[in-house]
Amino acid sequence: MKIATYNVNGVRVRLPRILDWLKESEPEVALLQEIKCEDHQFPTTPFDDLGYNVETFGQKGFNGVAILSKFPLEEIIRGLPGEDEDKQARWIEASVCAEFQVIKVCCLYLPNGNPVDSEKYSYKIRWMKRLRKRVKCLLELEEPLVVTGDYNVIPQPEDARFPDDWKEDALFRLETRTEWRKLLNIGLYDAYRLRHPFEKEYTFWDFQGNAWNINNGIRIDHLLLSPQSADLLTDCQIDKHTRGWPRPSDHVPIWIDLNC
């Protein structure tokens, strides 16, 4: 089963590119972030035409997450538990019911957190703590689990072309990376690092500063796996070339293959 994550930076604006990528890459499951539209505005029909079931958790003009699956989706949950007043559309989870295996997938768009001296950063850290609590509950089920999306976390210096430029940024601050390690330490595995422990590849290049042309990138889109999913992992790759397409997202897809 090929499972991909892709921050599309506006599903309606990027629709031609998303469809091109889906036709080329053919993931059975695609998790999208920053769809930037309410549920009723999501362009479901083109994805239906490609054989995908669609579930969304949208928000007007900001955030928003979606699951596309060629298998039936069940047990849909919208919104990360733990803070009832939080209405931002950043989390959706579902059970993907394939013929021989059920995989729990969680699609997230973790808060950016900048500027760090504002409520935005404290919200990011609270969100990460809530995420850890939710994932811990899911891990207790001892089933295949994939928690994926735009984490807005640079895990280590190797995940940035110029790490010194990010020292005080919310994506790379020590407190952020500490929360990341706490998340991994409850029993998750970074799929990309399992397959590519030493490579320096990225999933995001800013639209400004000529970042793409000088490869000034960072790796912030991640697929985290439960032990049961890690046992099934056969590949993990980044579709870097899509960043060079016309009118691309500033992120590129990253995907895994599971032997199921």
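How many bridges join β1 to β14, and do these strands run parallel or antiparallel? Four bridges join the two strands, and the direction is antiparallel. The model described in this report is predicted.

## Overall form

The protein chain contains six helices and 14 strands. Its radius of gyration is 17 Å, close to the 18 Å that the globule rule gives for 260 residues, so the chain is as compact as a globular protein of that length. Along the principal axes, the C-alpha atoms fill a box of roughly 45 × 45 × 40 Å.

Of the 260 residues in the chain, 56% are buried. The accessible surface comes to about 11,500 Å², and carbon and sulfur atoms account for 47% of that surface. Among contacts between residues at least 6 apart in sequence, 69% join residues at least 24 apart. The chain carries 34 positive and 42 negative side chains, and the centres of these two sets lie 4 Å apart.

## Strand β1 and its partners

Strands of a sheet pair through backbone hydrogen bonds, either parallel or antiparallel. Strand β1 takes part in both kinds of pairing. With β14 it is antiparallel, and in that pair Lys2 stands opposite Asp257 of β14. With β2 it runs parallel, through five bridges, and here Tyr6 stands opposite Leu32 of β2.

Strand β1 is mostly covered, with six of its six residues buried. Lys2, Ala4 and Tyr6 point one way from the strand, while Ile3, Thr5 and Asn7 point the other way.

## Helix α1

Helix α1 spans residues 15–25, and its buried residues are Leu15, Arg17, Ile18, Leu19, Trp21, Leu22 and Ser25. The elements that cover these buried residues include β1, β2, α2, β4 and β14. Just after the helix, Glu26 takes a positive phi of about 55°.

## The six-stranded sheet

Six strands form an open sheet in the order β5-β6-β7-β8-β12-β9, with mixed pairing. Strands β5 (73–78) and β9 (189–190) stand at the edges and have a single partner strand each, so one side of each is left without a neighbour in the sheet.

Which strand is joined to β5? Strand β6 (residues 91–97) is joined to β5 by four bridges, and the two run antiparallel. Within this pair, Ile77 stands opposite Glu93 of β6.

Lys36 is found in the loop between β2 (29–33) and α2 (44–49). Is Lys36 buried, exposed or partly exposed? Its relative accessibility is 27%, so Lys36 counts as partly exposed. Leaving aside neighbours within four places in sequence, Lys36 is in contact with Asn9, Gly10, Arg12, Gln59, Gly61, Phe62 and Asn63. The C-alpha atoms of Lys36 and Lys60 are separated by 6.1 Å, although the two residues are 24 apart along the chain.

Pro155 lies in the loop between β8 and α4 (174–185). Its relative accessible area is 5%, so Pro155 is buried. Apart from neighbours within four places in sequence, Pro155 is in contact with Arg177, Trp180, Arg219 and His222. Pro155 and Pro227, 72 residues apart in sequence, are 20 Å apart in space, C-alpha to C-alpha.

## Backbone features in loops

A cis peptide bond, with omega of about 0°, joins Asn114 and Pro115. Pro115 belongs to the loop between β7 (102–109) and α3 (119–139).

Glu142 has a phi near 55°, a positive value in a residue other than glycine. This residue is located in the loop between α3 and β8 (145–150). Its relative accessible area is 59%, so Glu142 is exposed. Arg247 likewise has a positive phi, of about 50°, although it is not a glycine. Arg247 is found in the loop between β13 (233–238) and β14 (254–258). At 59% relative accessibility, Arg247 counts as exposed.

Note on methods:
Residues are numbered from 1 along each chain as its sequence is written. This is a predicted model: local features need pLDDT of at least 70, side-chain atom pairs count only at pLDDT 80 or more; totals for chains, interfaces and linings use all residues. Side-chain values use heavy atoms; hydrogens and water are left out. The radius of gyration is taken over C-alpha atoms; the globule rule is 2.2 Å times the number of residues to the power 0.38. Buried means under 20% relative accessible area, exposed over 50%, partly exposed in between (1.4 Å probe, protein chains only). Contact means heavy atoms within 4.5 Å. Accessible areas come from the Shrake-Rupley method with a 1.4 Å probe; for residues, only the protein chains shown count as cover. Lys and Arg count as positive and Asp and Glu as negative; His and the chain ends are not counted. The place of a charge is taken as NZ of Lys, CZ of Arg, CG of Asp or CD of Glu. Two strands pair if DSSP finds at least two bridges between them.
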